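Hi there,

Here is the structure I promised to send over.

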Amino acid sequence: MSDRVTIEKIETLSHRWADLKQYTLTYRRRDGTSERQTREVHDHGSGAAVLPYDSARGTVLLVRQFRLPVFLDGGAGDIVEACAGLLDGDAPEICAAREAEEELGFRVENLRAVASTYMTPGAVTERLTCFLADYSPAMRIGEGGGHADEGEDIAVVEMPLSEALRMLDKKEIVDAKTVMLLLFLARELLSNPS
């Protein structure tokens, strides 16, 4: 691919919470013609997400939190989603376990990577590694809720998997990573009925 792309100019538009850069490039199309393009790319690092499941009770752990882009798009702003966070230099499985402790207040076990995806590849560099994990009430280590000093205001939501899937069907869960993780969990359970 590198023989098809020449980066001509990079301009930093913002370097606050994340880097926002504007790239001017020449791109050679599949038909051999070249065109000049300008694209803005948001880079705040890659992350990990985890959906813990308690097989004995048939429950999952999710979070509810305010998301400004959802609000700006006409939604209420608060959405139900799988817990997730930025890698901050850690391996994805370390990040997933850390976020479960911080946001959910639970240690998890049997982390299994089910996907490593670009959620918005047209504009964002973030690669998100998604995990399923196991938990039980005995693995609770705290209240969860994230870190208020990082602007987090997270409510822990434990619900039956059947309810989460119902919410998915009714389009009440709209977060892409959560949709994927719930479907991966449902597929896993169908493949390995116990």
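Helix 1 (residues 68-72) is the main contributor to the nonpolar patch, giving three residues. Helices here are DSSP runs of H or I with at least four residues, strands are runs of E with at least two, and both are numbered from the N terminus. The patch covers about 430 Å² of surface and is built from Phe-66, Leu-68, Phe-71 and Leu-72. For such a patch, residues need over 30% relative accessible area and no salt bridge, with nonpolar side chains (Val, Leu, Ile, Met, Phe, Trp, Tyr) joined within 5 Å and like charges within 9 Å. Phe-71 sits in helix 1 and is partly exposed, at a relative accessible area of 45%. By the cut-offs used, buried is under 20% relative accessible area, exposed is over 50%, and partly exposed lies in between (1.4 Å probe, protein chains only).

Before you go further, please note that this is a predicted model: local features need pLDDT of at least 70 and side-chain atom pairs count only at pLDDT 80 or more, while totals for chains, interfaces and linings use all residues. Residues are numbered from 1 along each chain as its sequence is written, and side-chain values use heavy atoms, with hydrogens and water left out.

Now the overall picture. The protein chain holds four helices and 10 strands, in the order β-β-β-β-β-α-β-β-α-β-β-β-α-α along the sequence. Its C-alpha atoms fill a box of roughly 60 × 40 × 35 Å along the principal axes. Of its 194 residues, 36% count as buried. Among contacts (heavy atoms within 4.5 Å) with a separation of 6 or more, 55% come from residues 24 or more positions apart. The chain exposes about 11,300 Å², with carbon and sulfur atoms supplying 50% of that; the areas come from the Shrake-Rupley method with a 1.4 Å probe, and for residues only the protein chains shown count as cover.

On to the charges. How many salt bridges turn up in a search of the whole structure? The search finds 17, a salt bridge being a side-chain nitrogen of Lys or Arg within 4 Å of a carboxyl oxygen of Asp or Glu.

One of them pairs Glu-35 with Arg-29, with the closest N and O atoms 3.5 Å apart. Glu-35 is partly exposed at 29% relative accessibility, and Arg-29 is likewise partly exposed at 36%.

Another joins Arg-98 and Asp-88 at 3.9 Å, N to O. Arg-98 belongs to helix 2 (residues 92-104) and Asp-88 to the loop between strand 7 (83-86) and that helix, so the bridge ties together parts 10 residues apart in sequence. Arg-98 is buried, with a relative accessible area of 19%, whereas Asp-88 is exposed at 62%.

Arg-98 also pairs with Glu-102, their closest N and O atoms being 4.0 Å apart. Both residues lie in helix 2, four residues apart, about one turn of the helix. Glu-102 is partly exposed, at 23%. Through shared partners, salt bridges link Asp-88, Asp-90, Arg-98, Glu-99 and Glu-102 into one network.
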